[in-house]
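Here is a short briefing on one structure. Please keep the coordinates open while reading.

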Amino acid sequence: MKMWSGRFRQPLDPQFERWQRSFDFDRRLLHYELAASGAHARALKNAGVLSADELISILQGLQQIGEMAATPKDLVQDDEAEDVHHFVEKQLVSRIGDVGYKLHSGRSRNEQIATDLRLFVRAAIDELRSELAGVCAAFTDRAELAGNAAMPAYTHLQRAEPVLLAHWLLAYVEMFLRDAGRLADCRKRLNVCPLGSGAVAGATLPLDRAFMADELDFEAPTANSIDATSDRDFALEFVNTLSLMGLHLSRWAEEMIIFSTQEFGFVQLPEAYSTGSSAMPQKKNPDLLELVRGKTGRMIGSATTLMVALKGLPLAYNKDLQETQEPLFDATDTALGLLPLVAGWMKAVEFNHQRMNEATQSGFMNAWAAATYLVNRGVPSRLAHEHIGKAVKLCVEKHCELQDLTLEELHTLNSLFDEGFRERLKPVSVLAIHDVVGGTAPARVRQGIVAARKSIDSLREEVNLHAHA
Ligand code: ARG
């Protein structure tokens with residue numbers, strides 16, 4: 001039986017009927033639909049709408065549906081169910097008879113889908129944060145293993161200053177920790193319960209909303225029934241956060257692709273995560289990285305779809321909202337699919353320390369340190385910059401580096417240069433200059449590793465707390 005056929009004189013056009021169904025994709029919400037239905041049933045009993053026996057029979061029916069769906073051979077199939085809400089009603093009635101129809105008393109699918117989606121996103125956030133902790137740990141482990149290995153840091157993709165490889169790896173950890181933080185913020189905001197909001201103007205029965213919220217581990221009931229039934233901000237905020245996370249991963253992927261080229265040769269692509277070419281026998285391609293970059297476009301696409309779907313919708317529920325589900329699911333699956341692979345890639349990649357170190361020896365990456373040497377001798381910074389700029393010009397003409405200039409040559413630029421200058425230009429000395437929080441000095445980078453580990457631990461603790469809530 002349909003959930004709404006009473007007032008209709010004609011049956012639906014069969015093609016339209018198939019086309020407007022959402023069951024093909026919202027069946028994945030079944031678990032949440034059953035949980036929310038259980039909370040609603042208990043509230044109905046407390047409101048005196050269901051007898052104790054009716055409640056028991058409804059709860060048992062819901063449990064059986066859950067058990068059936070958990071058995072892989074009984075794939076949730078139903079060519080008539082309009083959506084997951086209709087499916088549960090049909091299943092319930094087939095198991096416990098007409099009393100199953102009582103479950104929908106005083107509620108609307110509008111509040112149900114809003115609730116199911118919140119539960120879905122909440123669980124996805126917990127899973128994603130746990131995967132992000134794994135990614136951060138993989139990067140931090142590599143930072144630890146890298147020890148004092150140095151590499152060039154780039155600005156404008158031109159050699160800029162030497163840094164520790166560990167420092168560069170920790171830059172990505174910072175981004176991923178922010179992503180995990182954003183997911184936590186999003187979780188906080190979405191963790192309110194729409195049940196009892198009805199179709200738009202509240203339930204027609206005196207249902208205890210705080211009780212239902214509590215049953216589903218929500219912080220509180222939503223504050224406004226019109227907003228609660230039409231709001232998908234939480235889905236958009238979540239997918240936007242995933243897009244930003246994807247954007248970070250895509251930057252990383254791009255950089256690793258560049259570093260893996262023969263021109264750079266900084267990293268050796270792990271064979272377990274690369275493929276060859278069917279035509280060119282010599283090829284080893286960075287597929288994982290390219291797909292991470294590509295799938296980021298897909299997540300951003302989902303965020304865009306959501307934004308466009310929501311834009312211009314009058315209050316409150318509109319069927320357009322059904323279109324928010326697939327991009328939400330797709331972005332979630334995409335993100336969950338790639339995070340463990342990124343962690344695996346990071347564990348397997350080989351850094352070519354020698355190539356990286358060689359690259360720190362040239363390209364005038366000590367020029368700023370050289371200017372600072374003069375500043376420390378009282379030369380005004382702008383003039384010091386100018387003098388070292390001239391020294392660089394001289395080097396370019398002579399095809400050498402700053403440390404190769406003779407003292408006589410240096411004295412033509414400024415008489416304050418002395419023998420100590422060359423020592424100050426070594427990459428180790430340059431690195432040691434930034435001996436402040438967040439700086440490149442090895443001891444500071446080690447502090448960075450310790451701090452990252454602490455953040456990862458508390459991220460894991462938070463995730464575990466939610467898992468056992
Ligand atoms: N399948 C619908 C959706 O995803 C459920 C809500 C239907 N509500 C309605 N008034 N037709 O949005």
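This is a predicted model: local features need pLDDT of at least 70, side-chain atom pairs count only at pLDDT 80 or more; totals for chains, interfaces and linings use all residues.

Ser302 is buried, at 5% relative accessibility. Helix H11, residues 287-310, holds Ser302.

**Ser302 and its surroundings**
- Ser302 counts as buried because its 5% relative accessibility falls under the 20% cut-off.
- Leaving aside residues up to four places away in sequence, Ser302 touches Val239, Pro327, Asp330 and Ala331.

**Salt bridges overall**
- How many salt bridges does a search of the whole structure find? The search finds 23.
- One network of salt bridges links Asp78, Glu80 and Lys90.

**Arg187 and Asp126**
- Arg187 pairs with Asp126 in a salt bridge, and the closest N and O atoms are 2.8 Å apart.
- Arg187 sits in helix H7 (residues 165-190) and Asp126 in helix H6 (residues 109-146), so the pair ties together parts 61 residues apart in sequence.
- Are these two residues buried or exposed? Both Arg187 and Asp126 are buried.

**Arg129 and Glu462**
- Arg129 forms a salt bridge with Glu462, with 2.9 Å between the closest N and O atoms.
- This pair links distant parts of the chain, 333 residues apart. Arg129 belongs to helix H6, while Glu462 belongs to helix H19, residues 442-467.
- Arg129 has a relative accessible area of 4%, so this residue is buried.
- Glu462 has a relative accessible area of 35%, so this residue is partly exposed.

**Arg377 and Asp418**
- Arg377 forms a salt bridge with Asp418, and the closest N and O atoms are 3.5 Å apart.
- Where do the two partners lie? Arg377 is in the loop between helix H14 (367-375) and helix H15 (381-398). Asp418 is in the loop between helix H16 (407-411) and helix H17 (420-424).
- The pair links distant parts of the chain, 41 residues apart.
- Arg377 is partly exposed, with a relative accessible area of 33%.
- Asp418 is partly exposed, with a relative accessible area of 33%. The value lies between the 20% and 50% cut-offs, which means neither buried nor exposed applies to Asp418.

Definitions and conventions
Residues are numbered from 1 along each chain as its sequence is written. Side-chain values use heavy atoms; hydrogens and water are left out. A salt bridge is a side-chain nitrogen of Lys or Arg within 4 Å of a carboxyl oxygen of Asp or Glu. Helices (H or I, at least four residues) and strands (E, at least two) are DSSP runs, numbered from the N terminus. Buried means under 20% relative accessible area, exposed over 50%, partly exposed in between (1.4 Å probe, protein chains only). Contact means heavy atoms within 4.5 Å.
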